[in-house]
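Below are some notes on how the chains of this model are arranged and how they meet. Please read them alongside the coordinates.

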4 protein chains.
Amino acid sequence: MSNTFGTALRLSIFGQSHAPAIGMTLEGLPAGFRPDGKALQEFLNRRAPGQGAHTTSRKEADVPEFLSGLVNGTTCGAPLCAVIRNTNVRSQDYVNLQEIPRPSHADYPARIKYGDAHDSRGGGKFSGRLTAPLCVAGGLCLQLLEQKNIRIGAQILRIGSVENPRFDPLAPEIPSAFATPTEAMLEEIAAAKAELDSVGGMIECAVTGLPVGLGEPMFDGLENRLAQILFAIPGVKGVDFGSGFDCAAMRGSQHNDPYYVNQDGAVQTRSNHAGGILGGLSTSMPLILRVAIKPTPSIGKAQESVSFSGKGGMLEIKGRHDPCIVPRAVPCVEAAAAIAILDAILEAKQWI
Amino acid sequence: MSNTFGTALRLSIFGQSHAPAIGMTLEGLPAGFRPDGKALQEFLNRRAPGQGAHTTSRKEADVPEFLSGLVNGTTCGAPLCAVIRNTNVRSQDYVNLQEIPRPSHADYPARIKYGDAHDSRGGGKFSGRLTAPLCVAGGLCLQLLEQKNIRIGAQILRIGSVENPRFDPLAPEIPSAFATPTEAMLEEIAAAKAELDSVGGMIECAVTGLPVGLGEPMFDGLENRLAQILFAIPGVKGVDFGSGFDCAAMRGSQHNDPYYVNQDGAVQTRSNHAGGILGGLSTSMPLILRVAIKPTPSIGKAQESVSFSGKGGMLEIKGRHDPCIVPRAVPCVEAAAAIAILDAILEAKQWI
Amino acid sequence: MSNTFGTALRLSIFGQSHAPAIGMTLEGLPAGFRPDGKALQEFLNRRAPGQGAHTTSRKEADVPEFLSGLVNGTTCGAPLCAVIRNTNVRSQDYVNLQEIPRPSHADYPARIKYGDAHDSRGGGKFSGRLTAPLCVAGGLCLQLLEQKNIRIGAQILRIGSVENPRFDPLAPEIPSAFATPTEAMLEEIAAAKAELDSVGGMIECAVTGLPVGLGEPMFDGLENRLAQILFAIPGVKGVDFGSGFDCAAMRGSQHNDPYYVNQDGAVQTRSNHAGGILGGLSTSMPLILRVAIKPTPSIGKAQESVSFSGKGGMLEIKGRHDPCIVPRAVPCVEAAAAIAILDAILEAKQWI
Amino acid sequence: MSNTFGTALRLSIFGQSHAPAIGMTLEGLPAGFRPDGKALQEFLNRRAPGQGAHTTSRKEADVPEFLSGLVNGTTCGAPLCAVIRNTNVRSQDYVNLQEIPRPSHADYPARIKYGDAHDSRGGGKFSGRLTAPLCVAGGLCLQLLEQKNIRIGAQILRIGSVENPRFDPLAPEIPSAFATPTEAMLEEIAAAKAELDSVGGMIECAVTGLPVGLGEPMFDGLENRLAQILFAIPGVKGVDFGSGFDCAAMRGSQHNDPYYVNQDGAVQTRSNHAGGILGGLSTSMPLILRVAIKPTPSIGKAQESVSFSGKGGMLEIKGRHDPCIVPRAVPCVEAAAAIAILDAILEAKQWI
């Protein structure tokens, strides 16, 4: 619970933004799996800061050190532990935040919950930085899934007022055209930044190659599991599947996905409003989900806030912050989905 | 897992639509709580079928029998078990469904997952009927929360093309004006029914009276827990919090909720785009969430499907089905929210 | 947790001695398993009271009713729920126990823990009667294991001063000669009863046919799991494996079990001091364990106690009680072992 | 599960004997706790090797580095992660063990379970070295418990043929006279070592200062939890409570612990055969438990074994091994007990 996710595959994340390190333990990976270290690092680099004008200028290599679970680069069945040292820490940027909570950050409820001992430096354990170990775990899961021809890809659907087209929910391949922001999106971000502001967005994710019947009933269906892990990504405020919120305005005759047998003898559906999930179980059609991501709460503009000592006042956030976290959240969504899917597969004994 | 939800409060649901009974066990309620049986039954009646033209004509009393956990009507600290007998069962309506899966139901993936032994009668364990024990548990939790001045109320936000206004996210009281469908909504449902069709909708839910700091970090925040349980309600395809999906188009300066100290000396926010949750933790502002509910997949219109023996064909569903499940889902959303909230409270030791 | 056991197979037990019913839910059994109802009832009858002079005269049929999870007698993949009604209840026997706790029963700490609302009638949820649903679950697991040639049998090792020989830890078959008390043991029990006293004992249990490597490291090894469930049987005060406590006086050269290849080419050990478990994992040699069971605390002799209102005094227990629960605990130990072993098998995906 | 223990306090252990590091994460400690680093190190030193003739000559400082969860030496509410680097590794000692399993070690079942990828170097994750992070966690818990006047102490009850007297189960203080081996015990160990052999033993542990009613019913009572964690210490083959296995030969009138009110008005028992636990719940009398520890399986004497390629043969173990692990296991038992007790306390909300 809390910092731990999964049933057959158990991920546990630890660390705070300004602690000596952040990291994760991952238990349940089959023995004999040989991760591709270079591919993993490339995946992590997609999440890393310092890649462009839209990201924070805090630059960290984010190279995980594996302390356990590998023998000569191969999983041995013991829990993996990977740590990433926090090297580029500027705690002084956060000094006034220990007294005045940033609007729409976890600062205020966390300080009330944990008291004076709470680590608020850089957002502490609520920092987006904790998605780095999530991506370490997810990157490994993605590699394992890929070996079984299960592919996961996410794209940017919206940043502010700029939209991209949705995935074709019937397509067996996941296009990567919009895995990074378009020019128009970069302009949207730059405009927000210029005004010391930030902007939100939406990410879509697809999973192809799933068997039929993956997921468990009621509280452990694919939707339940995916939602539980996706809401762990800071800033996510909504998750839907298939037609999602659009289904509210639809008739059953529109929304229902009729079955047919395709030329290969496989049962398919003519549409995919279900987003590949019925009753919490996979249908083998592409699994499609969307997440809404709020605008980065750390903005340069002066904001009204109150101090913990009870006085009101204006707050100006210095620090180094992304005017839009959506581009960096794309691999995080892929990682989260991969972890939840692999967990369901290992639990269901449907594969390894 | 799977049929079990919760950490400090553990709900487990059992039963199939045409089994002898459905029911639930609930562990973790404090000893000495005296539920109001009449109020519980009134709550269950809101979910019960047979209440109007928009619901199925299957009429069941849905009166739970408590087999354990109560002594003279008071909780004794032992797990509660409540069962509801399935009396009004017409399994013959479902005979052809054992051969031909209904589009957009769990029939197809469930049959593949569990094989020929799967209980497909009336949807088996994937039936909406399983929300009755969810409401028994939730009804008890609502009563306990109310004793602590935590109130939960849901309303219909949309049915098909008809919309209601959203809750005022700053209001300390939850209005009940739209807890049942408006005239226009009933007409929308009747129109769908007349065409042997169904229609989807959207429900909004508010929780007031929460303390600050409820919820646990990362995977067990309030959003994670609420989403996990809400997706257990059949037909739910999306969940969002506060401004939810609308945040994607917003700037940080719009979306951020500035803090101020109100006349009673309490820290409040001037807006509530966060829906009362930051970093997974409650802020003490009203918790606001929405769920999207797909149109009932069981429609009278002929639909294309395939038999498990591999042949295609048209399917006409007889049975008794709701043209719109949104009105009956309103108490289910309240129940699910109450269970998740009480679980978080009991885990956090913040109250009892 | 608490009333729930297991990872891949999840057993949850509910009920109190004088509640309307006791029962269990069992989740995770594979679909398509057809229990033998007659054999299950015969197994339950071994635990049932009223079988001889050594047991309580409270007679209850203990016939479980299955409310869910079965279709025409075959598991469908949904959770099983079975209930046993409490019919032969004489709560008046326990009236004074609500005021004066019985020495060495749970009465005292339970009343302090749960307060006045605690259900102390007949021991409430701490009653040995709760082993009936444990045996329902265990009886099902034993049948499933037997289909895979995994056999579990227990015997009485000691009652008071009367001892039986231990199992041969190398024998591939489990003898049933001492599954019931010997004449000398019955006399030992009768002698205690005549003096309004009770007597303790020891049970040994063997499991044959296990594959190599069953169990998970550290906290979820076979010893950990078996101990966790065995201590749930009321009266169990000790659990050991293989040579158990005797190993404390041994040298490594005596205790170590040398490997050899038998005539069938299988790796075996020449002795089995390990009781079939190394590092928490099965070795494929017979798994051997012992449990110590304390004398029934309910005795007719007058005993010193105190009332909850703080006054001392003597207590005479009327009621109907076993002078020795060891004979009835034999199938409980088999049931508990079966549940833990099947859970480990289902989790390890080593079989079904 | 598996490498994770606890409900409200969650300990997860990672690492292998010859991996870069071993360590643990610990979640659920209250914020604001300031561990005494010096006392923790002294506690760890009691477990460390290289302290005398009875221990292995592998010397490691075993100084944990805390990577997260502390701010200026105080817990902040985030998960703690502590790592201990493996520096003094001589993998070449174990080369032949990858081919020939050591009798009574986990080598054989682990290799079958995990296949060729298993890390057998130094026993891998089954090494006694993994008790170092257990002691880091347990040492922290001991300090927290001590602040609440809950004290835990263990002593050596037996090594080979040499016995010490048991704790007085009614004494409110825990004597430390036998926390280390007596002269006679050291001689017993030296004699075994001289013969290239090893010797087993028994440890007793007491917990004083517990409130009444700690523990949860059935599967999560104090006995269940303590047994589950104690069997995680390599070499433990038996656990009992109070009179434990001796109860099998007792009458109820002997074993029952009569209640009385002491001079301070507190309810006490005149004897403590229950070892402070009834129905899985604490009685407030001293909690007393024993564990049996098998002789170290690594002995210098030649032993019969088989190679994984199927050939038989004699094995001579070189390496550096303790002729008796009992003295070093004493703090491990204290650590395990402290973790289980603190978990039960935090879950029951009985204290912090």
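Predicted model: local features only at pLDDT ≥ 70, side-chain atom pairs only at ≥ 80, totals over all residues.

1. Residues are numbered from 1 along each chain as its sequence is written, chains are lettered from A and ligands numbered from 1 in the order in which they are written, and side-chain values use heavy atoms, with hydrogens and water left out.

2. Between chain C and chain B, about 2,700 Å² is buried, and carbon and sulfur atoms give 57% of that area (accessible area, 1.4 Å probe, that two parts lose on being put together, summed over both). C:Phe14, C:Leu67 and C:Ala117 supply 19% of what chain C buries against chain B, more than any other three residues.

3. In terms of contact (heavy atoms within 4.5 Å), 39 residues of chain C touch 39 residues of chain B. Of the interface residues of chain C, 100% are also interface residues in chain D, so the copies meet through the same surface.

4. The rule finds two salt bridges across the interface of chain C and chain B (a side-chain nitrogen of Lys or Arg within 4 Å of a carboxyl oxygen of Asp or Glu). One of these links C:Glu65 and B:Arg85 at 2.9 Å, N to O.
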